[in-house]
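Please read the following note with the sequence and the model side by side. Each numbered point takes up one part of the structure.

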Amino acid sequence: FCAITENYEYLGGTIAPGIKISSDALFEKTAKLPKVELEEPGHVICKNTIESMQSGLVYGHMGMIDFIVRKMKVELMKISSSEKEPLVIATGGLATLINNGVDCIDHVDKMLTLEGLQMIYEKNRRVGRKCTE
């Protein structure tokens, strides 16, 4: 989670394990839990191991995201002295899955991080050419 001002300044953030890492940990660090598809089981109270794991992973991350985003919005509004509510952009391949269950996300951009890395690469490539000419 990154907090960025309207002027694109990075203020800081929060680091938490993602849903994929959490899923992998359950599979790799326990004796008998299987690897599961990351999808909503449709209910929180589940009657089998697969759906119980999906419920904990998906709904647990939705809850974490909702809580952290709410707290960050309050802090950002205090820092900026703005009455305008911060815009929340979710990134990454599983952002749509989480977005389906929370109200705090304003926009999903699965490619934002990769596009940003490409922009950095292009800028560095141009700078590198100037230095070698």
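**Note on the predicted model**

1. Arg125 forms a salt bridge with Glu122, and their closest N and O atoms are 3.5 Å apart. A salt bridge here is a side-chain nitrogen of Lys or Arg within 4 Å of a carboxyl oxygen of Asp or Glu. Both Arg125 and Glu122 belong to helix α4 (residues 112–132), where they are three residues apart, about one turn of the helix. Helices (H or I, at least four residues) and strands (E, at least two) are DSSP runs, numbered from the N terminus. Arg125 is partly exposed, with a relative accessible area of 37%, and Glu122, at 23%, also counts as partly exposed. The terms are set as follows: buried is under 20% relative accessible area, exposed is over 50%, and partly exposed is in between (1.4 Å probe, protein chains only).

2. A word on the basis of these values is in order. The model is predicted, so local features need pLDDT of at least 70 and side-chain atom pairs count only at pLDDT 80 or more, while totals for chains, interfaces and linings use all residues. Residues are numbered from 1 along each chain as its sequence is written, and side-chain values use heavy atoms, with hydrogens and water left out.

3. How many salt bridges does the rule give? The count comes to six. In general, side chains of opposite charge can pair when their charged atoms come close. One of the pairs joins Asp24 to Lys20, with the closest N and O atoms 3.3 Å apart. Asp24 and Lys20 both lie in helix α1, four residues apart, which is about one turn of the helix. Asp24 is buried, with a relative accessible area of 18%, whereas Lys20 is partly exposed at 46%. A network of salt bridges links Lys20, Asp24 and Lys35.

4. Another salt bridge is formed by Glu85 and Lys73, whose closest N and O atoms are 2.7 Å apart. Glu85 lies in the loop between α2 and β3 (89–91) and Lys73 in helix α2, so this pair ties together parts that are twelve residues apart in sequence. Glu85 is exposed, with a relative accessible area of 54%, but Lys73 counts as buried at 12%.

5. How do helix α1 and helix α2 pack, by angle and by distance between their axes? Helix α1 (residues 19–29) and helix α2 (residues 49–80) pack at an angle of about 150°, and their axes are 10 Å apart. The axes are lines fitted to C-alpha atoms, for helices over the stretch in contact, and angles run from 0 to 180 degrees between N-to-C directions. The two helices are therefore roughly antiparallel to each other; this term applies to angles over 145 degrees, with under 35 counted as roughly parallel, 65 to 115 as roughly perpendicular and the rest as oblique.

6. The residues in contact between the two helices (heavy atoms within 4.5 Å) are Ile19, Ser22, Ser23 and Leu26 of α1 and Met53, Leu57, Val58 and His61 of α2. By class, the contact of α1 with α2 has five nonpolar, three polar and no charged residues. Ala, Val, Leu, Ile, Met, Phe, Trp, Tyr, Cys and Pro count as nonpolar, Asp, Glu, Lys and Arg as charged, and the others, Gly among them, as polar. The buried residues of α1 are Ile19, Ser22, Ser23 and Asp24, and they pack against α2 and α3 (95–99).

7. Leaving aside residues up to four places away in sequence, His61 touches Pro17, Gly18, Ile19, Ser22, Gly56 and Ile98.

8. The backbone at Tyr8 deserves a look. Its phi is near 65°, a positive value in a residue other than glycine. Most residues other than glycine have a negative phi. Tyr8 is found in the loop between β1 (2–4) and β2 (10–13), and Tyr8 is exposed, with a relative accessible area of 74%.

9. Thr30, in the loop between α1 and α2, is 42 residues from Met72 in sequence and 33 Å from Met72 in space, C-alpha to C-alpha. Thr113, in helix α4, is 77 residues from Val36 in sequence and 26 Å from Val36 in space, C-alpha to C-alpha.
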